[in-house]
Amino acid sequence: MIIINKVNITGINTNDLKVLTSSEMEELFKKKDEKWARDELINGNLKLVLSILKKYKERGNLDDLFQIGCVGLIKAVDNFDFSYGVKFSTYAVLMIDGEIRRYLRDNRMLRVSRSIKDLAYRKLKLESEEGKLSIDELSKRLNATPYEISLAESSFKEPLSIYKPIYENGGETIYLFDELSDEKDSSELNTHIALYDAINKLKDKERFILEERYVKGRTQTEVGNDLLISQAQISRIEKGAVKKLKKTLKF
């Protein structure tokens, strides 16, 4: 297991990672068409992938991103030519980083519509030319509502994981999840659950009458006509059902 800034990636032992010298790299690239040489080049540059992952440790599963980064490294090895006039590491870092960015873009948890993305790019272009503009000015210039402008501004932001560490002291870590709270009183949810259970304990006719009266808003006479009984009988059954509910809920 290798540790990068306290982020673990399974399946790799730091001590086993080989770092190739410039002369070794050059000799191996001359024999790149041979499988063993290609494998040596890939394995000898894994630390490039690990170094790039540092800035993505809050963006996804590091094990997955490491594999994606390795795909970029393989592409770099297969396509690199010393005639480019740059170091392999310079070329490979761009390939690895690009592969990871593409993966994150295509696998975002939140999908943003094309129209909002286009609006976001138009906003960036306009502000790069004229500087920071107010929402009202942007709305006029881009022919979009303030709400759409706000959505466009948010489209480039990545959603935060609820397991993102926000405080660490010794062995104790506090995650974003620990700081989240429901603004609604939990007793309201408990009341709904209790009411649901109490209603299910009523007789079919009692449930029917309460639904028609309190959900659909029908009169006792209308409900009585459906059931072929008098308004007085509906009133009696309704009162009895409400009394049962109050007793069950202890109101």
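**Group meeting: a walk through the helices**

Let me open with a charge and a ring. The charged end of R213 sits over the ring of Y214, at 5.7 Å from the ring centre. Keep in mind throughout that this is a predicted model.

Now the aromatics. How many aromatic pairs does the structure hold? There are 4. Take F29 and F80. Their rings form a tilted pair, 5.2 Å centre to centre, with 55 degrees between the planes. This pair links distant parts of the chain. F29 belongs to helix α1, F80 to the loop between α4 and α5, and 51 residues separate them. F88 has a relative accessible area of 4%, so F88 is buried.

The background is simple. An α-helix has 3.6 residues a turn, so residues three or four places apart point the same way.

Where is N45 found? In the loop between α2, residues 35-43, and α3, residues 46-53. N45 counts as buried because its relative accessibility is 8%. Which residues does N45 touch, leaving aside neighbours within four places in sequence? L20, M25, L73 and F88.

Next, a glycine. G72 lies in helix α4, which runs over residues 62-79. G72 is buried because its relative accessibility is 0%. Beyond its neighbours within four places in sequence, G72 contacts M95, I96 and E99. Look at E99 in particular. G72 and E99 are 27 residues apart in sequence, yet 5.4 Å apart in space, C-alpha to C-alpha.

On to helix α6, residues 114-130. How far apart are its end C-alpha atoms? The distance is 24 Å. At 1.5 Å a residue, the 17 residues should span 24 Å, so the two values agree. The buried residues of α6 are I116, L119, A120, K123, L126 and E127. Note K123 and E127 in that list. Down the axis of α6, the buried residues fall within an arc of 130 degrees, so they line one face of the helix. What covers them? The cover includes α7, residues 135-142, and α8, residues 146-154. The face turned away from the buried side carries exposed residues: R114, K125, S128 and E129. Just after α6 comes G131, with a positive phi of about 90 degrees.

That leads to backbone angles. Most residues other than glycine have a negative phi. Two residues here deserve a look. N143 is not a glycine, yet has a positive phi of about 55 degrees. N143 lies in the loop between α7 and α8. N143 is exposed because its relative accessible area is 73%. Phi of L228 is near 60 degrees, a positive value in a residue other than glycine. Where is L228 placed? In the loop between α12, residues 220-227, and α13, residues 231-249. Is L228 buried or exposed? L228 counts as exposed because its relative accessibility is 77%.

Let me recap. G72 in α4 contacts M95, I96 and E99. Helix α6 has one face lined with buried residues, because those residues fall within an arc of 130 degrees. N143 and L228 carry positive phi values without being glycines.

Definitions and conventions:
Residues numbered from 1 in each chain as written. Predicted model: local features only at pLDDT ≥ 70, side-chain atom pairs only at ≥ 80, totals over all residues. Heavy atoms only, no water. Helix = DSSP H or I, 4+ residues; strand = E, 2+ residues; numbered from the N terminus. Buried < 20%, exposed > 50% of the residue type's maximum accessible area, 1.4 Å probe, protein only. Contact = heavy atoms within 4.5 Å. Phe/Tyr/Trp six-rings, centres within 6.5 Å; stacked < 30°, edge-to-face > 60°. Lys NZ or Arg CZ within 6 Å of the ring centre and 35° of its normal. Expected span 1.5 Å × (residues − 1). Arc of directions from axis to C-beta.
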